[in-house]
Amino acid sequence: MKLNYITIFVKNLEKTLHFYTELVNLKVVNRIHLPQGEIAFCTNKEEETMLEFIQFPHVKPIHTSHMIFSFLTDISLELLREQMISLGYTPSEIINQPPKSPYLKVHDPNGIEIEFTQK
């Protein structure tokens, strides 16, 4: 069995897509405009990770208490951190707590905590 996708109701679809395409390197593979709002599907280049983002004004956005997404990155954490800052985000310092690999954290536009670990 394979996880197909995770659906997240968001506050602002444009800001969400900017975050996930610029920092997580996901690509938008489908965008659906409906009378009640908009839906966008994003995936990585191998199409292993798929997230569905929905912005419907009448539906409450995600409540993010204790939710963390973790992504592996090919670029150095230092460069990624600089990129986050240049895009206006506020990342943590690089955290090194063995036996866990070094990582950094940032919140997406919906308040979801995102961890980046270097491969």
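**Entry 1: a starting residue.** I began with Tyr 20, which is buried at a relative accessible area of 0%. Buried here stands for under 20% relative accessible area, with exposed over 50% and partly exposed in between, using a 1.4 Å probe and protein chains only. I noted that this is a predicted model, where local features need pLDDT of at least 70 and side-chain atom pairs count only at pLDDT 80 or more, while totals for chains, interfaces and linings use all residues. Numbering runs from 1 along each chain as its sequence is written, and side-chain values use heavy atoms, leaving out hydrogens and water.

**Entry 2: the helix around Tyr 20.** I looked up α1, residues 13-22, and found Leu 13, Thr 16, Leu 17, Phe 19 and Tyr 20 buried. These residues lie on the same side of α1, because they cover an arc of only 160 degrees around the axis. The arc is taken from the directions from the helix axis to the C-beta atoms. Helices (H or I, at least four residues) and strands (E, at least two) are DSSP runs, numbered from the N terminus. What do the buried residues of α1 pack against? I found β2 (27-34), β3 (37-43), β4 (50-55), β5 (68-73), β6 (103-107) and β7 (113-118).

**Entry 3: the core.** Of its 25 residues, Tyr 20, Phe 53, Ile 114 and Phe 116 touch the most other members. The largest share, four residues, comes from α1. I followed Phe 53 and saw contacts (heavy atoms within 4.5 Å) with residues including Leu 13, Leu 17, Tyr 20 and Ile 39.

**Entry 4: rings.** How many aromatic pairs does the structure hold? I counted six. Rings of Phe, Tyr and Trp (its six-membered ring) pair if their centres lie within 6.5 Å; planes under 30 degrees apart are stacked, over 60 edge-to-face and the rest tilted. Phe 19 and Tyr 20 are edge-to-face, 4.9 Å centre to centre with 70 degrees between the planes. Ring pairs link Phe 19, Tyr 20, Phe 53 and Tyr 89 into a cluster.

**Entry 5: a loop residue.** Is Asn 110 buried or exposed? I found Asn 110, in the loop between β6 and β7, to be buried, with a relative accessible area of 3%. Among the residues that Asn 110 touches are Val 10, Asn 12 and Ile 62.

Terms used:
Core = buried A, V, L, I, M, F, W, Y, C linked by side-chain atoms within 4.5 Å. Lists of a residue's contacts leave out its neighbours within four places in sequence.
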